[in-house]
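Open the model in your viewer and keep the selection tool at hand. This tour moves from one chain to the next, one selection at a time.

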There are 4 protein chains.
Amino acid sequence: MSDVPNRMQELRQALSDLNREILDLVGRRIALVDEMRALKLANGLPMYDPVRESRMFEALVEQGQGILGEAEIRSVFRPIFEISLAHMEGRASGDLRIGRRPGESDRVLNIKGGTIGVPGSPAVIAGPCAVESEEQLERTAAALAGMGIRFLRGGAFKPRTSPDAFQGLGIDGVKMLRAAADRHGLAAVTEVTDPRQLEDVAPLTDILQIGARNMANYALLQEAGRTGKPVLLKRAFAATIDEFLLAAEYLAKYGSSDGGIILCERGIRTFERETRFTLDVSAIPILRQKTALPVIADVSHAAGRRDLIAPLAKAALAAGASGLMLEVHPCPEAALSDASQQLSIQEFQQLLRELNVGVF
Amino acid sequence: MSDVPNRMQELRQALSDLNREILDLVGRRIALVDEMRALKLANGLPMYDPVRESRMFEALVEQGQGILGEAEIRSVFRPIFEISLAHMEGRASGDLRIGRRPGESDRVLNIKGGTIGVPGSPAVIAGPCAVESEEQLERTAAALAGMGIRFLRGGAFKPRTSPDAFQGLGIDGVKMLRAAADRHGLAAVTEVTDPRQLEDVAPLTDILQIGARNMANYALLQEAGRTGKPVLLKRAFAATIDEFLLAAEYLAKYGSSDGGIILCERGIRTFERETRFTLDVSAIPILRQKTALPVIADVSHAAGRRDLIAPLAKAALAAGASGLMLEVHPCPEAALSDASQQLSIQEFQQLLRELNVGVF
Amino acid sequence: MSDVPNRMQELRQALSDLNREILDLVGRRIALVDEMRALKLANGLPMYDPVRESRMFEALVEQGQGILGEAEIRSVFRPIFEISLAHMEGRASGDLRIGRRPGESDRVLNIKGGTIGVPGSPAVIAGPCAVESEEQLERTAAALAGMGIRFLRGGAFKPRTSPDAFQGLGIDGVKMLRAAADRHGLAAVTEVTDPRQLEDVAPLTDILQIGARNMANYALLQEAGRTGKPVLLKRAFAATIDEFLLAAEYLAKYGSSDGGIILCERGIRTFERETRFTLDVSAIPILRQKTALPVIADVSHAAGRRDLIAPLAKAALAAGASGLMLEVHPCPEAALSDASQQLSIQEFQQLLRELNVGVF
Amino acid sequence: MSDVPNRMQELRQALSDLNREILDLVGRRIALVDEMRALKLANGLPMYDPVRESRMFEALVEQGQGILGEAEIRSVFRPIFEISLAHMEGRASGDLRIGRRPGESDRVLNIKGGTIGVPGSPAVIAGPCAVESEEQLERTAAALAGMGIRFLRGGAFKPRTSPDAFQGLGIDGVKMLRAAADRHGLAAVTEVTDPRQLEDVAPLTDILQIGARNMANYALLQEAGRTGKPVLLKRAFAATIDEFLLAAEYLAKYGSSDGGIILCERGIRTFERETRFTLDVSAIPILRQKTALPVIADVSHAAGRRDLIAPLAKAALAAGASGLMLEVHPCPEAALSDASQQLSIQEFQQLLRELNVGVF
């Protein structure tokens with residue numbers, strides 16, 4: 001049994017050597033493609049030749065008999081041909097725009113004097129689920145400011161499962177949020193749900209929020225990116241981490257990289273029914289490995305239960321989250337939406353104390 | 001001992017009377033729940049409130065001390081609360097706009113001479129994943145028309161996970177699709193992804209498609225509904241059946257009920273990795289119970305594997321689907337997207353033969 | 001310009017040559033992976049090692065600097081690593097004991113004159129969820145025999161979620177089942193839950209059933225295999241198809257391959273709540289590709305709803321199932337377990353008529 | 001809109017009042033059942049009368065027309081009839097045996113001088129995935145003891161997905177573990193997988209472990225419970241929290257309540273592929289609400305990635321876990337199983353330092 005590790009090591013080394021050889025060949029292939037591109041450009045030939053690609057597949061399938069199955073061969077060569085075509089067409093892709101560069105430290109957003117992404121100093125974005133009235137916002141904003149919180153959230157365009165549900169106060173709600181934030185020197189965070197809203201909403205807000213249901217609404221991502229505003233993007237409740245990162249790539253491609261992007265884990269859909277969603281706490285360190293963007297957690301929506309907010313908030317911060325998004329309402333029992341998961345101002349203050357965040 | 005039967009009879013009668021009283025109270029409880037549902041709907045409140053449910057259980061356990069054990073009380077009230085929640089969420093009631101009325105027979109759509117929803121006559125919507133060229137469409141449309149297929153699909157606005165992937169030919173692609181459909185007397189089906197597309201796209205298409213990623217893009221649903229055109233709505237891959245029906249309610253509320261709505265099951269996301277998604281074949285009879293709308297299945301996307309298309313197509317039809325959506329490409333190997341799940345024209349013809357559909 | 005075609009031809013030839021070289025390297029890589037698989041299997045090492053995969057990616061990204069971007073390198077090597085993993089996990093190879101050999105036709109079990117696995121002739125295994133009384137079994141067995149059904153099921157050792165629920169009649173129940181089956185010339189199918197039961201139960205039954213909760217109870221699988229009796233193995237509700245096949249490998253390794261193995265899909269756990277489980281209809285053709293064993297579907301347990309039994313039974317057969325497992329009870333309302341999904345004898349007869357199976 | 005909260009409050013009160021009235025009627029029903037039980041006992045009549053139950057259902061369905069559907073009526077009355085029958089048969093169930101009593105503080109286990117469940121003092125159970133050799137255990141045990149760790153784990157009976165994988169050293173491995181633990185004054189924790197192992201294994205171990213795959217192996221739970229030894233029970237990766245608690249009930253019913261039960265969250269199966277399982281961190285506070293038992297987390301298995309162990313361990317403790325289960329191996333690269341998730345002794349020491357646990 002003592003030889004097992006040795007032979008394993010040898011095999012691993014051999015596999016790594018083969019990886020390198022394959023990489024070299026792919027690299028040589030790209031060099032030829034670049035020459036072909038120049039030749040085609042000079043002669044006005046079309047770059048993409050599907051018939052030839054099809055024939056190359058057929059030849060490979062024939063050559064590969066006894067080594068690999070047809071589906072395997074196609075899956076190996078498809079990305080090689082795609083990358084070749086991308087080079088041929090001059091649109092060679094690189095790394096993720098939002099990927100963490102080697103050695104890159106966490107990016108920090110500084111908005112209206114509040115920061116997101118400073119190690120050891122978690123940001124808290126708090127406020128009611130839905131904007132309901134000026135009084136509601138005033139009471140919330142005053143309380144938050146008094147506790148040292150710098151980010152006021154409130155939804156004015158609410159994506160609702162039922163078309164007959166309260167859809168929010170719309171642009172009037174955004175204006176109320178803006179005014180309340182300004183009175184107390186807070187940054188305003190509000191959700192957009194339609195690319196046509198951005199012209200009006202972007203100037204009135206400090207951070208645009210894109211909710212879980214719209215994570216793959218690419219038209220909305222593009223328009224939000226184009227505003228150049230910071231965008232807080234929530235993970236769709238059935239999105240893989242890769243899909244989440246590619247949604248953020250839309251923001252970066254269309255402009256948000258300058259303004260800043262904040263990633264928000266808010267729970268995924270699983271079979272468990274004790275909670276509305278299952279907070280995927282592992283996503284927090286994984287996202288932080290893959291990007292240098294701030295990663296926060298919305299623990300109110302994940303659990304859908306007020307009694308789990310404190311333990312989940314602690315867990316998210318312990319796992320490395322840069323901040324929390326929390327629902328706070330001056331009178332949760334009377335809230336028009338998500339009453340069961342909104343904290344009262346007293347409960348919120350108690351939570352901050354437990355988390356040792358803010359002024360209390 | 002002669003009294004035993006008498007006392008037994010009395011006890012049995014008393015038990016039956018109590019059954020009836022309990023039934024009446026449960027009935028009165030449902031009536032209150034129905035009122036609460038209306039109130040919550042109008043005010044955008046969430047239907048399910050696990051904290052309150054938890055408190056009701058606690059109160060009952062306290063009140064029931066000495067009468068029943070905690071587990072007994074929970075087992076008695078769990079179904080009562082579940083039925084109440086079902087009523088609250090409209091699952092038990094017939095008040096969905098798209099809900100099947102008592103005795104209502106299946107609705108049939110008749111578009112350009114093709115029908116969807118005729119029992120025993122499955123509709124087939126076929127064509128390439130993405131519109132690539134006039135030639136590609138012409139070859140496909142000619143072949144389909146020759147096989148008796150009435151619906152030509154083709155994507156011109158492609159929602160792509162990566163911002164750097166081919167995003168489709170846009171409005172030019174829609175025009176190509178329209179022209180090819182017209183040349184062969186077919187109805188044209190194409191996807192929309194942005195509410196701003198509808199002004200241009202709706203006049204050029206016979207059925208608007210809304211894809212799985214946009215099922216909860218409510219702005220898009222509203223605009224699509226407003227066009228009055230038939231809409232084919234795909235289930236999001238993590239949407240419950242209720243959420244899917246409520247998305248269709250958006251269409252109905254804003255106008256599509258006149259034009260027609262087609263529901264499309266296309267697989268849900270589960271832990272299983274052999275297939276890209278898990279076709280939820282149970283959803284087909286459930287959707288048909290709950291609505292009279294045509295329910296079709298997109299088996300190309302569900303499996304993501306060409307070799308499973310035939311068995312899944314048969315299963316979907318056997319479970320009651322009114323039709324199928326299938327990807328067909330004159331040269332699948334050269335397809336710009338989803339090559340691994342597109343059928344060649346020959347494979348498609350063979351499938352129709354196996355399904356005993358169309359002319360072959 | 002006359003040289004263009006020449007140089008183009010040269011470049012094309014060079015690209016094709018590189019394709020072939022890459023293919024050879026990938027083939028050599030698979031050969032090493034096959035050796036590693038054998039080594040890991042013998043030593044109980046896990047096949048998938050995400051940390052090592054991650055390090056290989058990192059090494060390649062470093063080596064590839066200046067040649068290819070990180071995203072390109074990942075997209076080239078992802079399918080190569082996936083195929084390697086598939087080989088490592090035995091998914092691509094034919095070396096499962098229960099794997100379908102090239103050209104192997106479906107295996108057919110012949111038990112007490114009834115067959116399972118004959119194309120076009122679905123087997124039906126029916127009977128009550130739990131054995132309750134001799135009268136219950138007699139009524140069921142007589143009715144089934146009259147309808148041409150050859151397999152009588154009934155549970156005597158019931159795995160129950162709660163320790164206080166009715167756990168079945170035990171060995172007395174098995175004897176009742178045996179007697180009822182013998183009176184009507186039927187094969188008897190009953191579940192075992194403990195390796196210590198096999199000594200007594202195996203001689204009294206024709207097919208041993210291992211339920212979903214015990215699919216990974218390897219001690220039970222070994223003992224069941226050792227009896228040499230046919231075993232009907234249900235898929236655990238969170239097992240991947242590969243895990244299911246490997247559980248069947250335990251049976252085959254310890255002896256059941258002679259007696260026969262029947263695989264049973266019975267629904268997986270997903271987020272959907274309309275049904276108790278989601279019937280994974282795709283698993284049926286996939287299992288039949290991978291093995292030549294009979295694959296049946298238990299649609300009673302999958303849905304947990306009587307009203308879905310007919311459409312799901314049709315779907316399962318359409319997808320290629322060799323048979324069905326169904327719960328039938330002479331008086332479902334009075335059943336001691338799973339009342340909501342058991343069919344009455346009349347309902348069962350009606351179902352057979354719809355499925356065009358048996359004598360009716 | 002100001003009246004909404006008022007009417008909501010009224011409706012909620014009315015629903016609570018109805019709950020109480022239903023409870024009273026069910027209580028009166030039980031009192032009648034108790035009288036009937038006495039009458040039947042005195043006269044030798046059978047307790048269960050399925051025909052009468054069936055007629056009661058029919059009467060209720062008839063009476064309930066227009067109020068509730070048949071399925072709803074059955075689901076409401078089924079538990080009422082079941083509880084009635086349990087009372088009739090003298091086996092009336094009470095609360096969960098393992099349920100937290102009102103005001104009950106956390107239970108603390110004290111084993112060989114180590115404690116599990118002391119607030120603020122997390123227990124760490126560490127050691128190799130599989131027992132491989134005396135030397136491996138000696139190096140591990142010596143290192144753990146030096147760091148103040150009190151619980152040594154090591155698997156000798158390994159439940160393996162493939163029948164051809166290394167299945168562990170069996171009883172010899174358990175003896176090695178016992179000896180190593182004794183040399184260093186540690187408690188020994190090892191997994192059992194077959195009820196027939198307990199006679200030999202229980203005397204040699206301090207805590208019996210039942211793994212995720214065997215959580216619903218009720219025969220094993222019963223035998224483990226009967227030993228009276230403390231049992232560490234892992235949640236199956238597709239078990240709901242309720243199913244997990246009921247599995248622990250088996251232990252408590254058969255005897256473990258005296259010895260102690262430790263619940264272990266170890267990740268659930270979801271669609272996400274970055275991790276092997278998704279640690280359900282919410283389960284920790286929920287389990288602690290429902291029971292007073294110690295709840296620990298196995299973060300090695302949840303993630304399947306060494307690089308996530310530290311953040312997940314912190315998150316689990318922050319969420320309220322009483323301890324951690326961790327895989328430590330003197331030479332992880334050479335480990336025979338789960339190499340990718342085992343920590344070296346140095347990495348483990350570094351982790352303890354980060355967690356501020358133990359002596360370092």
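Select A:Gly255. This glycine follows helix H8 of chain A and has a positive phi, near 135 degrees. The model is predicted, so treat the angle as a computed value.

Step back to H8(A) itself, residues 241-254. Its end C-alpha atoms are 21 Å apart, which agrees with the 20 Å that 14 residues should span at 1.5 Å a residue. Is this helix enclosed or open? It is largely enclosed by the rest of the structure, because 10 of its 14 residues are buried. Color the buried ones: among them are A:Ile241, A:Phe244, A:Tyr250 and A:Leu251.

Now move to chain B. Show strands S3 through S10: these eight strands form a closed barrel, with parallel pairing. From one strand to the next, the twist averages 25 degrees.

Zoom in on S8(B), residues 261-265, and S9(B), residues 295-298. The two run parallel and are joined by three bridges. Select B:Glu265 to find one bridge position; its partner in S9(B) is B:Ala297.

Next, select helix H5 of chain B, residues 171-183. H5(B) lies across S4(B) and S5(B), and runs at about 160 degrees to S5(B).

Last stop: the contact between chains D and B. Chain D brings 47 residues and chain B brings 45. On the chain D side, H1 (3-43), H2 (50-63) and H3 (70-88) each supply at least two residues. H1(D) gives the most, with 24. By type, that side of chain D has 27 nonpolar, 11 polar and nine charged residues.

Notes. Residues are numbered from 1 along each chain as its sequence is written. Chains are lettered from A and ligands numbered from 1 in the order in which they are written. This is a predicted model: local features need pLDDT of at least 70, side-chain atom pairs count only at pLDDT 80 or more; totals for chains, interfaces and linings use all residues. Two residues are in contact if their C-beta atoms, placed from the backbone, lie within 7 Å. Helices (H or I, at least four residues) and strands (E, at least two) are DSSP runs, numbered from the N terminus. Ala, Val, Leu, Ile, Met, Phe, Trp, Tyr, Cys and Pro count as nonpolar, Asp, Glu, Lys and Arg as charged, and the others, Gly among them, as polar. Two strands pair if DSSP finds at least two bridges between them. Axes are lines fitted to C-alpha atoms, for helices over the stretch in contact, and angles run from 0 to 180 degrees between N-to-C directions. The expected span of a helix is 1.5 Å times one less than its number of residues. A residue is buried if 20 or more other C-beta atoms lie within 10 Å of its own, exposed if 12 or fewer, and partly exposed in between; C-beta atoms are placed from the backbone.
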